[in-house]
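Please look over the sequence and the structure shown below before reading on.

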Amino acid sequence: FAIAVVACLAASAMALDMSAVQAKFRGLVAEGLRKQGRSLRAGFDVERMSLGAVSNCGQADDLAKNLQVSVSPANPQPGDTYETLTDYDLDVQVTSGKAYYKATLSGFPIVNQQDDLCTDLKDGTTPCPLGPGHVHSDDKSTMPTGVHGALSSTMRWTTQIDGAEKEILCL
């Protein structure tokens, strides 16, 4: 989730698995840059990279209620360790879903991908099912190095309820 948190950036046993999401976004960004003939280290100035704001881009009717994400320290530098706290409440149990990842680097699209949510979470500490109840995650990560430019990303999780796609959360 380092790359997801860097950009915009998503318990007990049901907590959001930040480590799995960080690894996923790091891989997606590296893959997107590789397709453009670049790498995370090639031609980037690490001195100008900083962690931007993490915000909820979801709607009032998202399944994740009372979503709170905080990062400490607020502006870690490349190579620094930082802690991400994530809390939200789910009224339903999520047993399947989709994870949508989008990212741009200095305005250029580098990731636009849809994956199975539970597949993305299966190797982490919080595999599906998620909820119901309060969801808490406390993860430590290292600020990535080797990236220069404005990295912006969105991560959306959805699931099916009564045959319709319903947003779980958006960061």
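Which residue in strand 4 does Thr 104 stand opposite? The residue facing Thr 104 is Pro 109.

Four strands form an open sheet in the order 4-3-6-7, and their pairing is antiparallel. Strand 4 (108-116) and strand 7 (164-170) are the edge strands; each has a single partner strand, so one side of each lacks a neighbour in the sheet. On average, neighbouring strands of this sheet are turned by 20 degrees against each other, direction ignored. Strands of a sheet pair through backbone hydrogen bonds, in either a parallel or an antiparallel manner. Between strand 3 (residues 98-105) and strand 4, the antiparallel pairing extends over 8 bridges.

Thr 159 belongs to strand 6 (residues 151-161), while Leu 121 is found in helix 3 (residues 117-121). Their relative accessible areas are listed here.

| Residue | Relative accessible area |
|---|---|
| Thr 159 | 7% |
| Leu 121 | 2% |

Why do Thr 159 and Leu 121 count as buried? The term applies under 20% relative accessible area. Thr 159 is buried because its value is 7%, and Leu 121 is buried because its value is 2%.

The side chain of Thr 159 reaches the backbone oxygen of Ser 96 at 2.6 Å. Leaving aside residues up to four places away in sequence, Thr 159 touches Leu 63, Val 94, Ser 96, Gly 97, Ala 164, Glu 165, Lys 166 and Ile 168.

**Confidence along the chain**

The chain has a mean pLDDT of 75, with 68% of its residues at 70 or more. Among the elements of the chain, strand 7 has the highest mean pLDDT (96), and helix 1 (residues 2-7) has the lowest (38). The pLDDT is below 50 over residues 1-18, a stretch that has 96 contacts in the model beyond near neighbours in sequence. Residues 36-50 also have pLDDT below 50, and this stretch has 36 contacts in the model beyond near neighbours in sequence. Where pLDDT is low, the predicted coordinates should not be read in detail.

Terms used: Residues numbered from 1 in each chain as written. Predicted model: local features only at pLDDT ≥ 70, side-chain atom pairs only at ≥ 80, totals over all residues. Heavy atoms only, no water. Helix = DSSP H or I, 4+ residues; strand = E, 2+ residues; numbered from the N terminus. Buried < 20%, exposed > 50% of the residue type's maximum accessible area, 1.4 Å probe, protein only. Polar contact = N/O pair within 3.5 Å; in protein donor to acceptor, adjacent residues only side chain to side chain. Contact = heavy atoms within 4.5 Å. Pairing = 2+ DSSP bridges. Axes fitted to C-alpha atoms, helices over the stretch in contact; angles between N-to-C directions. pLDDT = per-residue confidence, 0-100.
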